[in-house]
Amino acid sequence: MTTSGNTQPVFVMMRVVASPRTVILSLLFLLMSAVPASAQDAPPPDSSSGSWTKSLLGKLNGSQAGFQNWAEGGVNTLAISSGLDGSAEQASGNWTKKSTLRLSFGVVKQDTLAFRKAEDLIRLTMALNYAGNGKLLLFQPTVAAGARTQFAPGFNFEKNPFGDGRTPPVKVSDFLSPGTFTQSLGLAYKPKPWFSQRLGLGAKQTVVMIESLRPLYSVDPGSSARFEFGVEAFTDFDKEIFRNVHYKSTLGLFAAFNKPDLPDYLWENVVTMKVNSWLQVNFEWSMLFDEDVSSKLQVKEVFAVGIAYKFI
């Protein structure tokens with residue numbers, strides 16, 4: 001969501017016009033070009049102990065700028081954000097299980113304006129793969145699910161998308177308004193430990209619990225959710241590309257049966273650069289397209305410097 005005033009140092013979101021088909025093909029080519037065709041060097045999962053491999057990383061980022069009697073001008077700014085990134089993975093017998101959790105929330109204050117929400121995300125994914133008698137299968141039967149929403153209300157400070165005459169700011173989102181839930185059943189292709197692709201049949205539910213917000217997300221005012229069925233694809237790239245530089249990228253596509261030529265997609269990228277054991281720089285950018293919400297590509301960019309603490 002955009003906010004009025006000058007561009008924030010921690011959070012920027014903008015809308016641009018682009019061809020969805022062109023973007024999808026470009027993203028798939030970019031991710032596929034990084035993966036060798038052979039999968040012979042991919043190690044099989046260690047199912048001897050069946051123990052979980054867990055990680056949990058906490059982050060706290062901030063920036064501040066202050067001016068007094070500064071002849072060249074400037075805007076007093078304070079921005080703070082925090083987050084948690086977690087994962088849990090287990091290989092036991094014929095099955096591998098993996099869950100990921102991502103939480104983030106941030107606020108920003110400009111000059112005399114009150115604090116406004118900048119970054120807000122709740123994201124959970126789960127996948128269950130059949131690995132096959134302790135030997136790594138190239139194509140693994142997979143069941144997966146995901147959920148995405150936010151913590152707090154969101155407002156549009158620039159315009160009123162309802163067109164009902166109210167003066168901005170206007171509330172346009174809240175917890176589970178919207179909430180996006182996906183489920184899929186298909187095959188996963190895992191040629192490398194740091195790369196995987198999934199393709200199968202999928203279902204998607206867009207939940208909007210607040211009735212007045214449902215028109216913004218193409219949900220029937222008399223129903224709390226919109227149901228769709230189609231084909232789902234998901235690509236995951238997670239690797240240290242240089243020393244102390246880690247790149248994680250996920251691309252999720254969903255093509256509903258009633259509109260297969262214009263799929264929804266969400267491409268999320270995070271580059272983490274470690275300065276030392278507790279200080280790191282994060283650069284994140286995401287692209288979202290969902291014609292039921294907007295005919296334009298939605299883009300989010302976050303640049304942050306802050307403290308990181310590894311709990312697990």
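These legends walk through several close-up views of a predicted model. Residues are numbered from 1 along each chain as its sequence is written. Because the model is predicted, local features need pLDDT of at least 70 and side-chain atom pairs count only at pLDDT 80 or more, while totals for chains, interfaces and linings use all residues; side-chain values use heavy atoms, with hydrogens and water left out.

View 1. A nonpolar core is a set of buried Ala, Val, Leu, Ile, Met, Phe, Trp, Tyr and Cys residues joined through side-chain atoms within 4.5 Å. Buried means under 20% relative accessible area, exposed means over 50%, and partly exposed lies in between (1.4 Å probe, protein chains only). The largest core here has 15 residues, and those touching the most other members are Phe237, Tyr247, Tyr265, Trp267, Met287, Phe289 and Leu297. Strand β12 gives the largest share, 4 residues. Strands (E, at least two residues) and helices (H or I, at least four) are DSSP runs, numbered from the N terminus. Look elsewhere and you will find a second, separate core of 6 residues, with Val208, Leu213, Leu216 and Val219 among them. In soluble globular proteins, nonpolar side chains tend to be buried together.

View 2. Rings of Phe, Tyr and Trp (its six-membered ring) pair if their centres lie within 6.5 Å; planes under 30 degrees apart count as stacked, over 60 as edge-to-face and the rest as tilted. The structure holds 12 such pairs. One of them joins Tyr247 and Trp285, stacked at 6.4 Å centre to centre with 10 degrees between the planes. Tyr247 counts as buried at 14% relative accessibility, whereas Trp285 is partly exposed at 25%. Another stacked pair is Tyr265 with Phe289, at 5.8 Å centre to centre and 25 degrees between the planes. Here strand β13 holds Tyr265 and strand β14 holds Phe289, so the pair ties together parts 24 residues apart in sequence. Both of these residues are buried. Ring pairs also link Trp194, Phe237, Tyr247, Phe283, Trp285 and Phe303 into a cluster.

View 3. A salt bridge is a side-chain nitrogen of Lys or Arg within 4 Å of a carboxyl oxygen of Asp or Glu. There are 16 in the structure. In one of them, Glu268 meets Arg123 at 2.3 Å, N to O. Glu268 is in strand β13 and Arg123 in strand β5 (residues 116–130), 145 residues apart, and the pair links these distant parts of the chain. Glu268 and Arg123 are both buried. Another salt bridge brings together Asp290 and Lys204 (3.4 Å, N to O). Asp290 sits in the loop between β14 and β15 and Lys204 in strand β10 (residues 195–207), so the pair ties together parts 86 residues apart in sequence. Asp290 and Lys204 are buried too. Lys59, Asp85, Arg102, Glu284 and Lys300 are linked in a network of salt bridges.

**View 4. A nonpolar patch lies on the surface.** Patches are made of residues with over 30% relative accessible area and no salt bridge; like charges are joined within 9 Å, and nonpolar side chains (Val, Leu, Ile, Met, Phe, Trp, Tyr) within 5 Å. This patch is formed by Leu60, Leu78, Ile80, Phe115, Trp278 and Ile307, which together have about 560 Å² of accessible area. Such areas come from the Shrake-Rupley method with a 1.4 Å probe, and for residues only the protein chains shown count as cover. Ile80, found in strand β3 (residues 77–92), is partly exposed with a relative accessible area of 39%. The charged end of Lys109 sits over the ring of Phe115, 5.8 Å from its centre. A charge sits over a ring if NZ of Lys or CZ of Arg is within 6 Å of the ring centre and within 35 degrees of the ring normal.

View 5. Most residues other than glycine have a negative phi, and most peptide bonds are trans. The bond from Pro168 to Pro169 is cis, with omega near 10 degrees, and Pro169 is in the loop between β7 (154–156) and β8 (170–173). Ser177 and Pro178 are also joined by a cis peptide bond, with omega about 10 degrees. Pro178 is in the loop between β8 and β9 (179–192), and Leu176 lies in the loop between β8 and β9. Phi of Leu176 is positive, near 60 degrees.
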